[in-house]
Amino acid sequence: MRKYNVGVIGATGMVGQRFASILENHPWFTVKAVAASPRSAGKTYKEALGDRWSLETPMPESMGSLIVLNAQDDIEKIASLVDFVFCAVDMKKDEIKELEYAYAKAECPVVSNNSAHRFTSDVPMIIPEINAGHIDIIPAQRKRLGTKRGFISVKSNCSIQSYVPALFPLSKDYGVKDVLVCTYQAISGAGKTFETWPEMVDNIIPYIGGEEEKSEKEPLKIWGEVKDDEIVTASSPNITTQCIRVPVSDGHLGAVFVKFDKKPSKDEILSIWKNYSGRAQELNLPSAPKQFLHYFPEDNLPQTKLMRNLENGMAVSIGRLREDAQFDYKFVCLSHNTLRGAAGGAVLMAELLCAEGYMD
Ligand SMILES: NC(=O)c1ccc[n+]([C@@H]2O[C@H](COP(=O)([O-])OP(=O)(O)OC[C@H]3O[C@@H](n4cnc5c(N)ncnc54)[C@H](OP(=O)(O)O)[C@@H]3O)[C@@H](O)[C@H]2O)c1
């Protein structure tokens, strides 16, 4: 595989720091540009971050001396330095939409963690093990934008990264009909640590703005189909959620209840989970977990602290599958919100796009 030069827009943020750390020794990608707000622009990456570096691993040395560029004013310069950009910024939705279009129109593909374009009908929202085929929409998007290379692809919200991977493989044979999920979400999902959000110590906040809507709607795009020039969202499953912020640094856990069109046996579900793999495994992408879905039979697993880093934080852990009196089954599932759920998932999507020839 050829090497690609990449940029990170929003490099000083929580997700941006994860990008820095994951990309440090990436076999295909080298970070050549970092960008953030005017507050950080002009400083070295190390100076711009000051004491905001929040990961346990140290800041990559190779990046500390890069000069942070201005994400909005330096688009042409960044596009000339890199083959594509990752984007994770905290700005207003319409500003993000405009920013991502500007990079795409400068012929610089965008792999985005932001929600702004998730429901733009010709922008693929990809979990590489599940709906890799949605990248077929990219030529239609390029035609609309009038670009040769430039396009936008997005990652879904971190909250759905545990239960959609567990449910999707069951839908072909058994039809997933009704789903009720309560998510227990880490504070890093809000870009925070216990130092910057002390109210979260010994506390639970039963509200995450906009999260329940995303958690119910986004899976329907993942389940959708490419038809002509758009991705048509699916009309089922019916999903209802409650999203709760819990005092955990990293890792979103979901407690799921599910009803099928045709109820499978417990063994059939376990066998599908065990044997499931997707395009990411087929292509042997560098960030793909060897085993996408791990089932733990012990009653007290999966635990956030023990399992969130499974397969470099890219695998999904599942446990406690049992029959339910109102639905067919219930189970618990877990994924790392800033690895699989954010930067790691975006890097995997970029690997897919490279392997399929969309970044050349
Ligand atoms: N955290 C997660 O688990 C997670 C998961 C999925 C998706 N996301 C999404 O990823 C995005 C970033 O989240 P985060 O948690 O990393 O946020 P964050 O820690 O608040 O970081 C925000 C980043 O955006 C930059 N920024 C702010 N205003 C800007 C402007 N006017 N122009 C250019 N850059 C600007 C900041 O630069 P300065 O440092 O210069 O201010 C910083 O680099 C959000 O859209 C979020 O919804 C996050």
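I looked up which element gives the largest share of the shell around the ligand, and found that α1 does, with 3 residues; helices (H or I, at least four residues) and strands (E, at least two) are DSSP runs, numbered from the N terminus. I note that this is a predicted model, in which local features need pLDDT of at least 70 and side-chain atom pairs count only at pLDDT 80 or more, while totals for chains, interfaces and linings use all residues. Residues are numbered from 1 along each chain as its sequence is written.

I then listed the shell itself: 28 residues surround the ligand (a residue is near a molecule if its C-beta atom, placed from the backbone, lies within 6 Å of it), and the closest are Gly 13, Ala 36, Ser 37, Ser 40 and Gly 191. Both α1 (14-23) and α13 (339-355) supply at least two residues each to this shell. Sorted by class, the shell holds 10 nonpolar, 16 polar and 2 charged residues, where Ala, Val, Leu, Ile, Met, Phe, Trp, Tyr, Cys and Pro count as nonpolar, Asp, Glu, Lys and Arg as charged, and the others, Gly among them, as polar.

Next I checked the domains, whose bounds come from an automatic or database domain assignment: domain 1 covers 4-157 + 342-355, and domain 2 covers 159-336. Because both domains give residues to the shell around the ligand, the ligand lies between them. Their C-alpha centres are 24 Å apart, and 32 residues of domain 1 are in contact with 30 residues of domain 2 (in contact means C-beta atoms, placed from the backbone, within 7 Å). On the side of domain 1 that touches domain 2, α13 contributes the largest share, 7 residues, and that side has 15 nonpolar, 11 polar and 6 charged residues.

Last, I followed helix α5 (residues 93-105), which has 13 residues and reaches 18 Å from its first C-alpha to its last, close to the 18 Å expected at 1.5 Å a residue, the expected span being 1.5 Å times one less than the number of residues. Ile 96, Leu 99, Glu 100, Tyr 103 and Ala 104 of α5 are buried (20 or more other C-beta atoms within 10 Å of its own; exposed means 12 or fewer, with C-beta atoms placed from the backbone). Seen down the axis, the buried residues of α5 fall within an arc of 135°, so they line one face of the helix; the arc is that of the directions from the helix axis to the C-beta atoms. On the other side of α5, I found Asp 94 and Glu 95 exposed.

Key. Contact = placed C-beta atoms within 7 Å.
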